[in-house]
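Visitor: Please take a close look at a single part of this model, and then show me how the chain around it is arranged. I am new to this structure.

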Amino acid sequence: MVGAEDLTMFEQVAIAFIDEDGYPSTIPLLTTRLNGDVKLRLPKGIADNWIERKKVNLILNHITPIPTGGYTDRRYAVFRGLSRVMDGIVRVEVERAYTWDERVTPFPQYVEVSTARARRYLEGIGKRLGETFKPRIGLFWSFFRTVRLPFLIATAVPVAIGTGAAFYRGFFDPLLLLLTLVGLSCIHLALNVANDYFDTILGADIANKRPTPFSGGSRAIIYGIVNMQEARLIYTSFFLTGAAVGAYLAVTRGLLEISVLTCMGLFLSYFYTAPPLKLAYRGFGEIAVFLGFGPVIVLGTYFVQTQRIGLDAIISSIPIGLLIMLILYVNEIPDTPYDREAGKMTLVTRFTKKQALGFLAGSLIATYLTILLIPLLNLGPTTILIALASAPLAYRVYRGVEHNFGDPYRMIGVMSLNVKNAAITGSLLAAGYIIGAAL
Amino acid sequence: MNTYRLPQEVEDVLEGALVAILTVVNEKNEPVSHPMLPLYDRDRGLLYFTSSILFSKKLEYIKKNPRVSVLISHREYVNSDKYHAIEIKGDARVFDQDLSREWQKLLPLWRKKEPYIDTYLKQRFALPLFWERAIIEVRPRKVRVWRDGDLEKEPEYYIVGG
């Protein structure tokens, strides 16, 4: 039964049926109010008996035209069933109904639930034409999406901090910096692809129906941009390249220290999602990311330059480790229901909203307290305190998460802000070391 | 009335329509309807739709039964000086051999109706499967026109194709 209120949401009302000539027919309907009820009436030229007791579609449709062209605010409802017509008034005994309202189900989510159908269609065409079909977005964009290229910022910033801390102690070799950056970037890209590969096998990415540019994985495998074999080849190649660069640096700069740090990086990156450890699935993903993107990268970079490990380097790695961990942590919030469904028990999935916000606030406070401690403990120059300038941004991240908690699309802005906060704070920290050395 | 092509005022409405209801026939010989963006090629006298493979059921139905109907109705949804409510019955074909590129030949028509389409297309990598699209070409056969959109008046009928 279509209520009067339902109908006020739609301007276009029509009925479709199979006509006597074998073609479907789609006829506009008039809506009239009669004794408080809304009646659907056939237009002139359409006889009752053309439609009576036929299987029909009743379609209600709405768009809001945009004055400058195009439209927005789409919604429709379709009621399928048997029609009854008397004196031009149409009734439908509804057997099945479905609706879409983009305010309720945003378009990206609407698209996401149809992914499997699209893949089947591509496979069908592939079989028919005897070749493999993939979505064609070009080699660069395929690579960009598959490896999640923009997230390399999470490697570049800790490398900058390690380099800055070494520079403050009077060490800087640009070639070694480049090698370090290349090796670590390879391991990071391998981590991203391996993460998608195992999340696909373990079901977390397939379960996720509301991915965003920051959450739900790269979707490269889900969308068929790369297949599983290709993904495995990509992450293996990157892991091997990263390990080779690590081996070279170990031989030339310090066998024990670089070997240990490289092995730690490879271990944490691979077993972040890979069985049997599946660290992210057991609530250890956040600590793995903290260790990997904090101490491992910063210490590794610092050691490659200075050939020593000091408390100053360790403490400088903590703020960025926490902030990169918080990128993961905040990005996991929209994934929570799907991660739970797939048994991926990240830290957020184990928390209530209050606990989750408490952890976020605590980690942000710990980040800035550590920055404050560095010059207080005489482990770095006072100039690194410029990194505290991002504190208002961190507060906005917290408020944004609190306000939009769990809504993937409303959280996109705050997830982006959170990445910016990590990048800005880390860059200021690195700059603080370099300025401190110059003064 | 028999006609070789659609009357000009009908073509005007088709060119200005922002949305059409496309009805196809499923395997149980029942109608299945979808609101879609109609693209009318006046030179060829053919009506086009593009359908993402994400929503590909209709494509399979058309391949099995090419008979379709298209409804243009509601004044606000037609960006043209004149408005008529129009129902077209026609024969449809699906073009899906090159899902990535072939539909782009319809971009000039699409752009006229959704000027912002290029912005979305530049971000094709964001929704890659959405931009893998088949073309549905509809050759009009029978047309019913409620002049000025007045559904209380008898419609006019046209048989297209001579």
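Guide: At the start of α7(A), a side-chain oxygen of A:D173 comes to within 2.9 Å of the backbone nitrogen of A:L175. Helices (H or I, at least four residues) and strands (E, at least two) are DSSP runs, numbered from the N terminus. Residues are numbered from 1 along each chain as its sequence is written, and chains are lettered from A and ligands numbered from 1 in the order in which they are written. This is a predicted model, in which local features need pLDDT of at least 70, side-chain atom pairs count only at pLDDT 80 or more, and totals for chains, interfaces and linings use all residues; side-chain values use heavy atoms, with hydrogens and water left out.

Helix α7 of chain A covers residues 174-202. Just after α7(A), A:G203 has a positive phi of about 95 degrees.

Now the chain as a whole. The domain assignment of chain A gives domain 1 (4-104), domain 2 (106-134) and domain 3 (139-426); such bounds come from an automatic or database assignment. The centres of domain 2 and domain 3 of chain A, taken over C-alpha atoms, are separated by 32 Å. Their contact (heavy atoms within 4.5 Å) takes eight residues from domain 2 of chain A and 13 residues from domain 3 of chain A. About 850 Å² is buried between these two domains, with carbon and sulfur atoms giving 52%. Buried area is the accessible area (1.4 Å probe) that two parts lose on being put together, summed over both. Two salt bridges are found across this interface, a salt bridge being a side-chain nitrogen of Lys or Arg within 4 Å of a carboxyl oxygen of Asp or Glu. A:K134 and A:E230 meet through their side chains in a salt bridge (2.7 Å, N to O).

Chain A also meets chain B. Here 62 residues of chain A are in contact with 62 residues of chain B. The area buried between the two chains is about 5500 Å², and carbon and sulfur atoms give 62% of that area. A:Q12, A:Y23 and A:Y121 supply 14% of the area that chain A buries against chain B, more than any other three residues. Nine salt bridges are counted between the chains. B:D96 forms a salt bridge with A:R128, with the closest N and O atoms 2.7 Å apart.

Note on methods. Expected span 1.5 Å × (residues − 1). Polar contact = N/O pair within 3.5 Å; in protein donor to acceptor, adjacent residues only side chain to side chain.
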